[in-house]
Amino acid sequence: MTAATLLRRPGLARIRTSRAPLSLLCLGFVALVVALAVLAPWIAPYDANTVDLGNALAGPSAEHLLGVDASGRDTLSRLVLGARTSLLGPLGVVVFSTLAGVAIGTAAAWRGGWLDSVLSRGAELVFAFPGMLLAILIVSVHGEGLLAPVIALAIAYLPYVSRLTRSLVLAERERPYVEAYRVQGHSGLQICLRHVVPGVAPVVLAQSTINFGYALIDLAGLSFLGLGVPALTPDWGRMVFDGKTAVQYGYPLSAIVPCAAIVLTVVAFNVVGERWADKVSRRDG
Amino acid sequence: MNTLDIQALRLRLPGTARPVLDGVDLTVGARETVALVGESGSGKSLTSRSVLGLLPPGASARGTVRVVGDDVLAMSPGQLRVLRTGTAAMIFQDPRAAVNPMRRVGDFLTESLRLNARMRKEAAEERAVRMLEAVGLTAAALRAYPGQLSGGMLQRVVIAAALMGDPALILADEPTTALDVTTQAEVVALLGELRESFGTGLLFVTHDLGLAAAISDRVYVMYAGRIVETGPADELFARPRHPYTAALLDSTPRLDAPRGRLAAIEGRPPSLREELAGCPFAARCLYATDVCTRQAPALLPLADGPARLASCHHGDLVKENHR
């Protein structure tokens, strides 16, 4: 199973790490962000949309630890509550693209022949079309809301998963144990669902973890462009967008904080995914 | 009725000039152990696989393969699954590769009965324990992962799995090749015992003549997709009537033989890309004459004894010359 190579974007592929402290740190950060998102309503000190214009663009203080944005909203509260939208979106992308990608990749590899040709060419077609462009297209047709960009990105990410799954299943189905199950009277579908898919799952899930980071960046980019997330919903990409005028007036904090959150979260998911993939491939190799 | 009855099995693969199996006749009686001997590529594995309907993609098969009276080649996928779940089972060469490393031994043993024979989990596990005990393991192995067992133990697990469906016929495809010598002897002894206690027929595919002689009642010798000689094990090895069998026996290392270079059979087996006009062994045969390259010899009964057949134009010469 060493042939399985995860698909990475060039920029982030450099952050490969086998050093334990960094990956542990990243795992911790991922856990922290997830915990924040889950517990957000209880952690956030203020309501995300309480406007206090008299206090606009104030710096960090004991009352507002990360300062206040141009509309006088508490940055920390928006950051914590924004973690929900910012993680929920990529989660939807990853869940949908993983389920559909595994189904398509497995079917293509297991049946082969014309089905493989159709599915693989179809996936390449989607690959050739930029994901962001597809998302913008669907959002502009569908209108505001988180659902449209999530579906669009899920379709754009599907080929990453289906190609990987296909190559893994192709290798897995040639292993003698698959034939041993056949000889015991199992049908192809049973062998597929009970043995082949669980066998390739760890590598696919590692890829999905990496995809999570990319989807987060893409969705943040879409919200920055003002697409997708509705205006008042706290969201990291949206916060960067809201804060960009403040940067011009010399108050960069309300934009920099969500930026940092996005970058750190993406890097953390990437490192965790890579580390996982490395572990899985070492076990099988 | 024979447990296994293969008649005139002819198997063609795409891209080959001659059939990979060319009129194979083979029978295994109830409670009988039969060895199928031949070198790599002679078609012995293909023969045993065709018994379970495991043909390579694109293969076209003619003839009949009857397992307890039912023709495997005419079966629907559903009937094939019934056959594989119960009637016939296969033991593979490398137990390490034939067992899913991610599943516990208990899952591996019971899955087929639970899913395909709709047996309850407790009943299937109870049977698994009995089978494990029959192959000399304990119930503790149920909870083990394949990686925690040695090669010999794992091959016992695979044998236990083959017995789970109470098969009439077990096909063993070089079941000892991947094991070390002492484990080999244990596994062979075990297969002999199980045949007694479970009453299954056994088709033992091997390239090891010594092993074939030790375990089997009858032996088939295969060369280039044809059966070239068959007979009771002791007689066939004592008095071979086909030059190929004789040459194979001469090239077996022996401790009591005079020192010197081991005899080898010159040349190579015929390629699948060439048509064969006469006897497939003619090019490598010491006894070959004109007739051998022109006319393929038929597999004919010999006067030596019952169930003795050989396909050679010069069988009598072989008999005289071979010590």
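Helix H6 (residues 151–164) of chain B has 14 residues, which at 1.5 Å a residue should span 20 Å, and its end C-alpha atoms are 20 Å apart, which agrees. The expected span is 1.5 Å times one less than the number of residues in the helix. The model is predicted: local features need pLDDT of at least 70, side-chain atom pairs count only at pLDDT 80 or more, and totals for chains, interfaces and linings use all residues. Residues are numbered from 1 along each chain as its sequence is written, while chains are lettered from A and ligands numbered from 1 in the order in which they are written. Helices (H or I, at least four residues) and strands (E, at least two) are DSSP runs, numbered from the N terminus.

**Helix H6 of chain B**

- Eleven of the 14 residues of H6(B) are buried, so this helix is largely enclosed by the rest of the structure. A residue is buried if 20 or more other C-beta atoms lie within 10 Å of its own, exposed if 12 or fewer, and partly exposed in between, with C-beta atoms placed from the backbone.
- The buried residues of H6(B) include Leu154(B), Val157(B), Val158(B), Ile159(B), Leu163(B) and Met164(B), and also Gln155(B) and Arg156(B).
- The cover over these buried residues includes S6, helix H3 (95–98), helix H4 (105–116), helix H5 (121–134), S7 and helix H7 (181–198) of chain B.
- Asp166(B), which follows H6(B), has a positive phi near 50°.

**Chain B overall**

- Chain B contains twelve helices and twelve strands. Its radius of gyration is 21 Å, close to the 20 Å that the globule rule gives for 323 residues, so chain B is as compact as a globular protein of that length. The radius is taken over C-alpha atoms, and the rule is 2.2 Å times the number of residues to the power 0.38.
- Along the principal axes, the C-alpha atoms of chain B fill a box of roughly 65 × 50 × 35 Å.
- Of the 323 residues in chain B, 43% count as buried.
- Among contacts in chain B with a separation of 6 or more, 64% are between residues 24 or more positions apart. Two residues are in contact if their C-beta atoms, placed from the backbone, lie within 7 Å.

**The eight-stranded sheet of chain B**

- An open sheet with mixed pairing has its eight strands in the order S6-S7-S8-S3-S9-S10-S12-S11 (chain B). Strand S6 (88–91) and strand S11 (300–301) of chain B stand at the edges with a single partner strand each, so one side of each is left without a neighbour in the sheet. Two strands pair if DSSP finds at least two bridges between them.
- Strand S7 (residues 169–173) and strand S8 (residues 201–206) of chain B are parallel, with five bridges, and Leu171(B) stands opposite Leu203(B) in S8(B).
- Strand S9 (residues 218–223) of chain B pairs with S10(B) in the antiparallel sense over six bridges, where Val219(B) has Gly231(B) as its bridge partner in S10(B).
- The hairpin of S9(B) and S10(B) has two residues between the strands, and Ala224(B) takes a positive phi near 50° there.
- S10(B) also runs antiparallel to strand S12 (residues 309–310) of chain B, joined by two bridges. Glu229(B) stands opposite Ala310(B) in S12(B).
- Six of the seven residues of strand S10 (residues 226–232) of chain B are buried, so S10(B) is largely enclosed by the rest of the structure.

**Nonpolar core**

- The largest nonpolar core has 159 residues, and those with the most contacts inside it are Leu153(A), Val158(B), Ala160(B), Leu203(B) and Phe204(B). H8(A) gives the largest share of this core, 17 residues. Such a core is a set of buried Ala, Val, Leu, Ile, Met, Phe, Trp, Tyr and Cys residues joined through C-beta atoms within 7 Å.
- Leaving out residues up to four places away in sequence, Phe204(B) touches residues including Val34(B), Leu36(B), Ala172(B) and Ile215(B).

- Seven of the eight residues of helix H1 (residues 44–51) of chain B are buried, so H1(B) is largely enclosed by the rest of the structure. Among them are Lys44(B), Thr47(B) and Arg49(B).
- Gly53(B) follows H1(B) and has a positive phi near 70°.
- Arg31(B) lies in the loop between strand S2 (21–28) and strand S3 (33–37) of chain B, and counts as partly exposed with 15 C-beta neighbours inside 10 Å.

**Contact between the chains**

- The contact takes 13 residues from chain A and 15 residues from chain B. Helix H7 (176–183) and helix H8 (188–224) of chain A each supply at least two residues of the side of chain A that touches chain B.
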